[in-house]
Amino acid sequence: MGNSTSPALKRVEVTQEPVSSDVAPVVDADAALGRPLSLDGLHVAFGERKVLNGLTLDIPARQFVAVVGRSGVGKSTLMRLIVGLDKPGAGEVRIDGVPVNGLQPSVRLLFQDARLLPWQTVLNNVGIARRPGWREASLAALGDVGLVDRQSDWPAVLSGGQRQRVALARVLVSHPSILLLDEPFGALDALTRSDMHALLERLWLQHGFTTLLITHDVSEAVLLADRVVVIRDGQITYDVPITIPRPRRRSDAAIVALQSKILEQV
Amino acid sequence: MKHRWADRLSLERLAPWLVPLGLVVLWEVAARSGWIEQRVLPAPTQVAVAFWDTVSSGMLFHHVGISFQRALLGLLAGGGLGFALGVLNGTSRHAELLLDSALQMFRNVPHLAVIPMVILWFGIDETAKVFLVAIGTLFPVYLNTFHGIRTVDHGLIEMARVNGLGRAAVFWRVVLPGAMPSVLVGLRYALGIMWLTLIVAETIAASSGIGYMTMNAREFLQTDVVVLGILVYALLGKAADVVTKSLEHRMLAWHPAYHSARSAGG
Ligand SMILES: Nc1ncnc2c1ncn2[C@@H]1O[C@H](COP(=O)(O)OP(=O)(O)OP(=O)(O)O)[C@@H](O)[C@H]1O
Ligand SMILES: [Mg+2]
């Protein structure tokens, strides 16, 4: 993956200037799209089993929130509600104060597996929605993730990390206001994963979408997010802001301390 | 050194042909010397002469043309209907509920068993043969299309919907290509059944076609023409196989099993 790292990605890694996270990052022209998201008293039950039990969370525009919680606690279920694939038994999801009903064009979900169409080339996968001007937009998105040179390959010949980057380009094409990431890096090795972290952070700073990242990996959460929330028993049981300046280092004492504090809550 | 390599290569190419060639020579010798009676099996050279005679009299092309036409019409009708029903039942639970059990019942009737019925209905004219081929090819195409559509990765469909594809786009870009490998398997089965049905139908009730040609030759003890007819059937079967194989290579070029080149080339 190394040779295709874009210059911009490197820049994020070597910047020494601390950027305080409570100061709005510099964003490009088509950014500042981020919209506020509120989850209000969400209930979901599968038969007798209650999965979400009055989950409430307010996320301001452009905030990067990491969601951690044990396996089976209902994180993916929550994502499906926000994107509009499923409906809550009770409660409401609101974007910009408007209750969602059905699939949302302004919300995009990056699944745990890349879910690329094997019968379409990388470029056609990225431009799957075929909106007017999709070719140019897709090439730009592939440029964002450093894969322009693989545009005419079949997905089957890509590595796991490359596939996940193509999936990331696919969600970027539609300039989402809210980006949901359901453990997108879970299956990647540690090195590829840390490349992906840098990439995601850069894209978020650049595009300014409101971001919700699900992860099992507490260090990933603390490294990337403005705020970490813990789901337990169908509710948010812990909610902590991360004010450590970016770029953050995994070995930073403050990060390590926060990590163990959050782990206690999971 | 180079010369030796070339020798080896051509030997390797020739090797698979040695045994069949030897058998043909043995057959020729046995037939000529009278070990095998003329009534049982003519010599290969006699078959070749029969081939030349029937070609120059135009008889062979006349019969092959008629058989080919029946095969194609029957396949288009049966395969087309099977495909349409497979798509309908695969995409609509209501249609499946209404139609599938009836189709399963019909499927269990061996289609050759209805030959007497078909002769009663249509006599021995063209419709009878086309009808038989059609019902023979309908079910393999139906079953494999249905199965292919139902086993398309649900995650891909969900991904497409989340990325803003409507119902029609999901069908054309996700469901149909995903079902295509299975549809083509059905087509291959159908082609086998197509020839088999035609052979039986033409030998039992016909006044033209390869099957008729061989049956007619049998009455006059022209074993050379009979053997020629069998060979023509074998060649047509092989040709059908080659066509489906190249179709697979074209339509499933994305499939790792068919990757000839690394790149899809735009
Ligand atoms: N369609 C469904 N039918 C029945 N039960 C379901 C369904 N989807 C999810 N569940 C149940 O809901 C619970 C939460 O599932 P969910 O996939 O949201 O967990 P998760 O937090 O994403 O877990 P993981 O970290 O392992 O991905 C699980 O107990 C699961 O079995
Ligand atoms: Mg999950």
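Why is α5(A) largely enclosed by the rest of the structure? I looked up burial (under 20% relative accessible area, 1.4 Å probe, protein chains only; exposed is over 50%, partly exposed in between). Twelve of the 14 residues of α5(A) are buried, so the rest of the structure largely encloses the helix.

Basis of the entries: this is a predicted model, in which local features need pLDDT of at least 70 and side-chain atom pairs pLDDT 80 or more, while totals for chains, interfaces and linings use all residues. Residues are numbered from 1 along each chain as its sequence is written, chains are lettered from A in the order in which they are written, and side-chain values use heavy atoms, without hydrogens and water.

Entry on helix α5. I took helices as DSSP runs (H or I, at least four residues) and strands likewise (E, at least two), numbered from the N terminus. Among the buried residues of α5(A) are A:G161, A:R165 and A:V173. Their cover includes β7 (178-182) and α6 (190-207) of chain A, together with α7 (154-162) of chain B. I noted that A:H175, which follows α5(A), has a positive phi, near 45°.

Entry on the interface. I counted contacts (heavy atoms within 4.5 Å) and found 23 residues from chain B and 25 residues from chain A. B:V162, B:R173 and B:W254 supply 28% of the area that chain B buries against chain A; buried area is the accessible area (1.4 Å probe) that two parts lose on being put together, summed over both. I found two salt bridges between the chains, taking a side-chain nitrogen of Lys or Arg within 4 Å of a carboxyl oxygen of Asp or Glu. One of them joins A:R80 and B:E158 at 2.8 Å, N to O.
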